[in-house]
Amino acid sequence: MRAVVQAQDPSSKEEDDFALRRFLRARDHNIGKASAMFLKYLAWKRTAKPRGSITEDEVRNELVQDKLYVQGFDKVGCPMIYLVGVRHLPAKRDLEEFKRYAVYILDNTCTQLSPGQEKFAAVVDLKGWGYANCDIRAKLAALDIMQNYYPERLGRVLLIHVPYVFMAAWKMVYPFIDDNTKKKFMFVADRDLNATLRDAVDESQLPEVYGGKLKLKGYCSSSPPPSSTSE
């Protein structure tokens with residue numbers, strides 16, 4: 001595969017073997033399909049990150065909402081992302097900035113991966129989520145970025161405090177999720193929440209809001225962790 005992609009894009013020399021292997025796994029080890037996917041990624045990378053990375057200034061409007069925390073690790077060493085759905089307000093977001101924000105978060109999460117660990121995990125807390133938070137375009141944009149340009153990075157996603165109204169939005173997004181990724185989403189019933197979280201995350205790495213000892217720190221020092229989710 002390396003020979004194929006380097007013949008078409010010399011910049012692929014900068015990518016390590018682990019990256020190539022992730023793209024191969026994402027395409028069931030079909031070298032032709034994996035190479036095409038990887039070449040598309042290299043072209044996207046030059047456009048999406050012309051300076052090599054996304055800066056805080058480029059996504060500040062998203063960061064100040066404190067709707068996402070990248071802190072702690074699960075029991076197998078995956079970095080954890082905690083997303084507070086009720087804090088995402090599509091009426092206040094710019095789609096292009098949101099796409100940059102998705103890349104910013106994914107890149108920063110990947111910097112926390114220890115040697116030998118390639119995946120991260122996430123908890124999506126949907127308590128209080130309603131139609132004002134529904135943003136199909138943003139969900140599809142984030143999904144497209146993660147599936148096409150960060151393949152085999154997602155370990156699993158626990159969706160918690162899921163309101164009935166969310167399922168209508170989920171049904172719209174679900175067909176766009178590839179089969180391998182679909183298996184990584186898990187809806188957790190409230191009665192199973194404590195046991196599920198403690199089975200996945202050690203108490204020292206579990207946020208206080210879920211009964212653990214980890215104090216979540218938002219981008220804005222004045223913005224407290226979403227303590228209302230523990231009710």
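## Briefing: sheet, salt bridges and aromatic pairs

Phe 38 and Tyr 41 both belong to helix H3 (residues 31–48), where three residues, about one turn of the helix, separate them; helices here are DSSP runs of H or I with at least four residues, strands are runs of E with at least two, and both are numbered from the N terminus. The model is a predicted one, in which local features need pLDDT of at least 70 and side-chain atom pairs count only at pLDDT 80 or more, while totals for chains, interfaces and linings use all residues. Residues are numbered from 1 along each chain as its sequence is written, and side-chain values use heavy atoms, with hydrogens and water left out.

**Aromatic rings**

- The structure holds 13 aromatic pairs, a pair being two rings of Phe, Tyr or Trp (its six-membered ring) whose centres lie within 6.5 Å, counted as stacked when the planes are under 30 degrees apart, as edge-to-face when over 60 and as tilted for the rest.
- One of these pairs is formed by Phe 38 and Tyr 41, with 5.7 Å from centre to centre and 45° between the planes, and it is tilted.
- Phe 38 and Tyr 41 are both buried, where buried means under 20% relative accessible area, exposed over 50% and partly exposed in between, computed with a 1.4 Å probe on protein chains only.
- A single aromatic cluster is formed by Phe 23, Phe 38, Tyr 41, Trp 44, Tyr 149 and Tyr 150.
- The charged end of Arg 21 sits over the ring of Phe 18, at 5.5 Å from its centre; the criterion asks for NZ of Lys or CZ of Arg within 6 Å of the ring centre and within 35 degrees of the ring normal.

**The sheet**

- Five strands, in the order S1-S2-S3-S4-S5, form an open sheet with mixed pairing, two strands being paired if DSSP finds at least two bridges between them.
- Strand S1 (68–73) and strand S5 (185–188) stand at the edges with a single partner strand each, so that one side of each is left without a neighbour in the sheet.
- From one strand to the next the twist averages 20°, with axes taken as lines fitted to C-alpha atoms (for helices over the stretch in contact) and angles running from 0 to 180 degrees between N-to-C directions.
- Strands S3 (residues 120–125) and S4 (residues 154–160) run parallel and are joined by six bridges; Val 124 stands opposite Leu 159 in S4, and Ala 122 has Val 157 of S4 as its bridge partner.
- Helix H9 (residues 193–200) packs on the sheet, where it touches S3, S4 and S5, and its direction makes about 160° with that of S4; contact means heavy atoms within 4.5 Å.
- Strand S4 is largely enclosed by the rest of the structure, because five of its seven residues are buried.

**Salt bridges**

- The structure holds 15 salt bridges, each defined by a side-chain nitrogen of Lys or Arg within 4 Å of a carboxyl oxygen of Asp or Glu.
- Arg 2 forms a salt bridge with Asp 17, with 2.9 Å between the closest N and O atoms; Arg 2 lies in helix H1 (residues 2–8) and Asp 17 in helix H2 (residues 17–26), so the pair ties together parts that are 15 residues apart in sequence.
- Arg 25 counts as partly exposed at 28% relative accessibility, whereas Glu 118 counts as buried at 18%.
- Arg 25 and Glu 118 are also members of a network of salt bridges that links Arg 22, Arg 25, Glu 118, Lys 119 and Glu 152.
- The side chains of Glu 62 and Lys 67 meet in a salt bridge of 2.5 Å, N to O; Glu 62 is buried at 1% relative accessibility, and Lys 67 is buried at 4%.

**Separations along the chain**

- Ser 114 has its place in the loop between H5 and S3 and is partly exposed at 36% relative accessibility; its C-alpha atom is separated by 26 Å from that of Val 209, 95 residues apart along the chain.
- Ala 36 lies in helix H3 and is partly exposed at 46% relative accessibility, while the C-alpha atoms of Ala 36 and Glu 97, 61 residues apart along the chain, are separated by 27 Å.
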